[in-house]
Amino acid sequence: MKQLLQPNRILFALLAAVLSTAIAASGLLYRADNRLNDTLYQQTQAADGNILIIGIDAKSLEALGPFHTWSRAKMAQAVAQLNADPACRPAAIGIDILYSGTTDGAADAALAESLSAYDNVVTASAVHFSSTLVTEDDGSFYLDDYYVDRWEEPFPALKAVTTQGHINAMLDADGILRHNIHAIDLPDGTQINSFAYELYQKYCAHHGIPADAQPPTDARHRWYLPYSGKSGAYSDDFSFIDLLEGNLSPEIFADAIVLIGPYAPGLMDHAVTAIDHASIMYGVEYQANVVDALLSGNFKEEIGDLPQMAVLFTAIFLLALLSYRQNIRISTALWLLFAGGSLTAAILFYEWGFVLHSLWIPLFSTLLYVVLMAYNYLLAAQEKRQITATFQRYVAPEIVNELLKNKDSLALGGKLTEITCLFVDMRGFTAMSERLVPQEVVAVLNRYLELTSRCILQNGGTLDKFVGDAAVAFFNAPLPQADHTYHAVKAALDMTEGSKALSEELQQQFGQAVQFGIGIHCGPAIVGNIGASMRMDYTAVGDTVNTAARLEANALGGQILISRAVADALEGRIRVTSLGSSIPLKGKSADFEVLRLEGLSEE
């Protein structure tokens, strides 16, 4: 919990949540979000078999000529044909054609007279919207982009004998038809119901069932339409010309809802709908989907943006808070939980009757996941460079590689660790350097330090530092090292052995040889990055280090002095000679035992 409340973590989570919510509120995701909603929500279902379409299709146009040349008497004949047998008459007949204004007087009269004999016909009306500046009583004004500019109704004689419903369909901003306008408020205060709702009411009245379907609507009486079928779902290839010629049996349409309307591309009554972005749907098919939803009561309520933004803000804040600086497994699990969980929730809520923005949380969860993965990658790369830069000077390459795999094994700032510390110094180097030129001094020094470094690293030790002609090393840090005391002793013996050839060479070249004096002690020490913020070293401090330094200071040329702790740790594996307390060490009790290492037992 304390880690979750770190200021950096909270600030990052707030920033991620605010940015995500701001982008969602801006509307930039409108099209993508709606497309995902359509894919998730709009699924085909079994179409209601009581909704039938008689299409004014290519076959009818070929037989009767262009639609604008048709006499209205033909529609009168079609309605009469459907109602010819009272025992098999449809529950409702919807004519999805706007018969406004008069044309041929005789044909108009024939249409009105024919339809006056039936009470099951719904004819189309339409509203023309425009924008206008509206002034309030207090002098304020606003732009009304839903102003009813013109209202087209069937010609008076036809209006008097039929029920009217508007056929207006308003596309969303992306050009997709997703909603139905349940009713339109006219300027005179009256309200005109939708074409589909009037058909629904007639169907219910015919069957003696309550017409109580009330879809959830917005301020403009629009409601989200869950489509039941794509184009063709309600079509049985019933052609208008077949109806006129008596090729369709009246029993087919008994007690059903029959829609008559354009069913050919050239008649320009089609749109792209939410259930299928790849093809068009004719107007009568759209009306059939609306009627189907009304009959089934399959309504969905669109949840407002503000509560969804609040949920988005909370979700991204929590995800960012939990995922910040986490490893890839935890981050991936959290991403899958939030992204997958929100998609599942969106689908479940749709089944329960609510429409959510399905894209918001999955999208921003994914973006956050990608950002955090990139950040963690850069952070890991930076840490890798820091570790490599810090330790490649001190330890063998294989230890550096192991540190990069297990960064948790390195406790920056220091920790108490059991180590074996080794100090080595050259005896006789000071006297030799007085007789040599500086270039020769450096050359000799570099050759000896190269030897000591190689022996330390080859035995898995950490090279702490060089102090003049001395070197300091420790074993068992930064990574645990099995048998670290043995490795320290082995490194000391390797140095002594390796110095023999170099000492002979210097004796011949400069007339003086040098030897190593070495001290080894084991015990607890503080190991870590120690120093100031602008300059620190990875080193070891403590009594163990001081004791090893005291042993080295008292070692003669060619001697390796060890403590009783080292001898006990390697009992039976090394050959030693006890010097007792004959060599007093500064800061140690008088009975501190010093031993001289002679070699390994197997040697």
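What follows are my notes, going from the whole chain down to single residues.

**Entry 1: the whole chain**

I began by noting that this is a predicted model. I then looked up the secondary structure and found 18 helices and 23 strands in the chain.

**Entry 2: burial, contacts and surface**

I looked up burial next, and 47% of the 603 residues count as buried. For contacts I took pairs at least 6 apart in sequence, and 74% of them join residues at least 24 apart. The accessible surface comes to about 28,800 Å², and carbon and sulfur atoms hold 56% of it. I also checked the charges: there are 39 positive and 66 negative ones, and their mean positions lie 18 Å apart.

**Entry 3: helix H10**

I picked H10, which runs over residues 305–323 and so has 19 residues by the model's helix assignment. From first C-alpha to last it reaches 26 Å, close to the 27 Å expected at 1.5 Å a residue. Which residues of H10 are buried? I listed Gln308, Met309, Leu312, Ala315, Ile316, Phe317, Leu319, Ala320, Leu321 and Ser323. Past the helix I came to Arg325, which follows H10 and has a positive phi near 60°.

Where does Asn476 lie? I found Asn476 in the loop between S18 and H16. Its phi is positive, about 85°, although Asn476 is not a glycine. Asn476 has a relative accessible area of 14%, and I noted it as buried because the cut-off for that is under 20%.

In that loop, between strand S18 (470–475) and helix H16 (484–510), I also placed Pro478. The peptide bond joining Ala477 and Pro478 is cis, with omega about 10°.

My other positive phi was at Asp237, about 60°, and Asp237 is not a glycine either. Asp237 sits in the loop between strand S9 (222–224) and strand S10 (238–239). Is Asp237 buried or exposed? At 68% relative accessibility, Asp237 counts as exposed.

**Entry 4: Ser60**

I looked up Ser60 in helix H3, residues 58–64. Its relative accessible area is 0%, so Ser60 is buried. What does Ser60 touch, leaving aside neighbours within four places in sequence? I wrote down Gly55, Gly65, Trp70, Ser239, Phe240 and Ile241.

Val134 belongs to strand S3, residues 121–135. Its relative accessibility is 22%, and Val134 counts as partly exposed. Beyond residues up to four places away in sequence, Val134 touches Ser140, Phe141, Tyr142 and Asp144. I also took a distance from Val134 to Ala32: they are 102 residues apart along the chain, with 34 Å between their C-alpha atoms.

Asp185 I found in strand S7, residues 183–185. At 43% relative accessibility, Asp185 is partly exposed.

**Entry 5: Ala219**

I ended with Ala219, in the loop between helix H7 (195–207) and S9. Ala219 counts as exposed, at 77% relative accessibility. From Ala219 to Tyr377 I noted 50 Å, C-alpha to C-alpha, and 158 residues in sequence.

Conventions. Residues numbered from 1 in each chain as written. Predicted model: local features only at pLDDT ≥ 70, side-chain atom pairs only at ≥ 80, totals over all residues. Heavy atoms only, no water. Helix = DSSP H or I, 4+ residues; strand = E, 2+ residues; numbered from the N terminus. Expected span 1.5 Å × (residues − 1). Buried < 20%, exposed > 50% of the residue type's maximum accessible area, 1.4 Å probe, protein only. Contact = heavy atoms within 4.5 Å. Areas by Shrake-Rupley, 256 points an atom, 1.4 Å probe, with all protein chains shown as cover. Lys, Arg positive; Asp, Glu negative; His and termini not counted. Charge placed at Lys NZ, Arg CZ, Asp CG, Glu CD.
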